[in-house]
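Q: Hi! I have a new model open and would like to talk it through with you. Could you take a look?

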Amino acid sequence: SVAVEDPKFTLQEVLDTFKSCLSENKEVFLEHYVAGWLGLVRFMNSLGSVFSFIAKDAVNKIQILINHLNGENGAHYVTVQSMVKYELDNQLVDLTKRGSFPESGCRTLLRLHRALRWLELFLERLRTSTEESKTSVMCSEAYNQSLSQHHAWIIRKAAGTAFWALPGRATFFDVMNVGTPEQVVAMLGDALPLISEVYQVTENLYAQNNILDLP
Ligand code: 1Q0
């Protein structure tokens, strides 16, 4: 189960997974992308049950992608690039309103992709924060600059409430299991450009295919 605690598990490993997402010619391996998200969900679960409604949605979406990967057309889902091509070529995506394909890989991954931008902004704030910085403020600023634009009022409300329950900066750093605050900051500095690159490659691909607004 993804919720199981592993004391040796560190945020470093999770962020390394995102590093292995990119092939030499900048294709995004879906298997590693999904593994990275599973790791993030484990961290979220370790922050407390207030976040379980968020984790649940993330897990649902991760599971949909795993099902595509393991399905009979799995060969088309090896990279995000091949997934987009396969689903668009075969009209397996609802383009303007929800319909026959509520679980298309394209629309499902898009939700995680938008959340990855939140993560990037949040971790960047964490990296440059001081001891006095409030995680709830960093988290909601990052959210307001990214994901919130795609969420209905009721979700924004629920997310905003959950942010108040976030543990403080010191606890966050502990949970990451990376070492001293200086080591955490260094690790984030190494990892963020990689997350950013995965985000940007996916963003460009979706923009080129005109699928950034899938319902
Ligand atoms: C650490 C605190 C986590 C804060 C996460 C901020 C995001 C809030 C998002 C609220 C989502 C509410 C649940 C439902 C949303 C769906 O409506 C929405 C759209 O999907 P659909 O099918 O209705 O069109 N779903 C989404 O937008 C996907 C949201 C996935 C959010 C996954 C966030 C996972 C983040 C994990 C990072 C863990 C912390 C990393 C740092 C750890 C340091 C110890």
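This is a predicted model: local features need pLDDT of at least 70, side-chain atom pairs count only at pLDDT 80 or more; totals for chains, interfaces and linings use all residues.

Q: How far apart are Arg 111 and Cys 21, in sequence and in space?
A: They are 90 residues apart in sequence, and their C-alpha atoms lie 17 Å apart.

Q: Which residues make the contact between helix 3 and helix 5?
A: Arg 111 is one of them: on the helix 5 side it is joined by Gly 105, Thr 108, Leu 109 and Leu 112. Helix 3 brings Lys 61, Ile 64, Leu 65 and His 68. By class, the residues of this contact are four nonpolar, three polar and two charged.

Q: What do the axes of those two helices do?
A: The axes of helix 3, residues 52-70, and helix 5, residues 105-127, come within 9 Å and cross at roughly 140°. Helix 3 and helix 5 are therefore oblique to each other, since an angle has to be over 145 degrees to count as roughly antiparallel.

Q: Which hand does the crossing of helix 3 and helix 5 have?
A: That crossing is left-handed.

Q: OK, one step back along the chain. Is Leu 110 buried or exposed?
A: Leu 110, which is also in helix 5, is buried, because 20 other C-beta atoms lie within 10 Å of it. The cut-off for buried is 20 or more.

Q: What is Leu 110 in contact with, leaving aside its neighbours within four places in sequence?
A: With those set aside, Leu 110 is in contact with Tyr 206 and Leu 214.

Q: How do helix 5 and helix 9 cross?
A: Their axes come within 9 Å and cross at roughly 150°. That makes helix 5 roughly antiparallel to helix 9. The crossing is left-handed.

Q: Which residues of helix 5 and helix 9 meet there?
A: From helix 5, they include Leu 110, His 113, Leu 116, Arg 117, Glu 120 and Leu 123. Among those from helix 9 are Val 185, Leu 188, Leu 192, Ile 195, Tyr 199 and Tyr 206. By class, the contact has 11 nonpolar, four polar and four charged residues.

Q: Nice. How many residues are in the largest nonpolar core?
A: It has 48 residues, and those with the most contacts inside it are Leu 30, Tyr 33, Trp 37, Val 80 and Ile 195. Helix 5 gives the most to this core, with 10 residues.

Q: Let me zoom in on Val 80. What does it touch beyond its neighbours within four places in sequence?
A: Val 80 is in contact with Val 28, Leu 30, Tyr 33, Leu 109, Thr 202 and Leu 205.

Q: Changing topic: which residues of helix 6 are buried?
A: In helix 6, residues 135-144, the buried ones are Thr 135, Met 138, Cys 139, Ser 140, Ala 142 and Tyr 143. They pack against helix 5, helix 7 (153-164) and helix 8 (169-176).

Q: How do helix 6 and helix 7 cross?
A: Their axes come within 8 Å and cross at roughly 155°. That makes helix 6 roughly antiparallel to helix 7. The crossing of helix 6 and helix 7 is right-handed. The contact is made by Ser 136, Cys 139, Ser 140 and Tyr 143 of helix 6 with Ala 159, Gly 160, Phe 163 and Trp 164 of helix 7. By class, it has five nonpolar, three polar and no charged residues.

Q: Last topic: backbone angles. What is the phi of Gln 91?
A: It is near 50°, a positive value in a residue other than glycine. Most residues other than glycine have a negative phi. Gln 91 is in the loop between helix 4 (80-89) and helix 5, and it is exposed, with 10 other C-beta atoms within 10 Å.

Q: And what about the phi of Asn 177?
A: Asn 177 has a positive phi of about 65°, although it is not a glycine. Its place is in the loop between helix 8 and helix 9 (181-208). With 17 C-beta neighbours inside 10 Å, Asn 177 counts as partly exposed.

Note on methods: Residues are numbered from 1 along each chain as its sequence is written. Axes are lines fitted to C-alpha atoms, for helices over the stretch in contact, and angles run from 0 to 180 degrees between N-to-C directions. Helices (H or I, at least four residues) and strands (E, at least two) are DSSP runs, numbered from the N terminus. Angles under 35 degrees count as roughly parallel, over 145 as roughly antiparallel, 65 to 115 as roughly perpendicular and the rest as oblique. A crossing is left-handed if the near helix is turned anticlockwise from the far one by less than a right angle, and right-handed if clockwise. Two residues are in contact if their C-beta atoms, placed from the backbone, lie within 7 Å. Ala, Val, Leu, Ile, Met, Phe, Trp, Tyr, Cys and Pro count as nonpolar, Asp, Glu, Lys and Arg as charged, and the others, Gly among them, as polar. A nonpolar core is a set of buried Ala, Val, Leu, Ile, Met, Phe, Trp, Tyr and Cys residues joined through C-beta atoms within 7 Å. A residue is buried if 20 or more other C-beta atoms lie within 10 Å of its own, exposed if 12 or fewer, and partly exposed in between; C-beta atoms are placed from the backbone.
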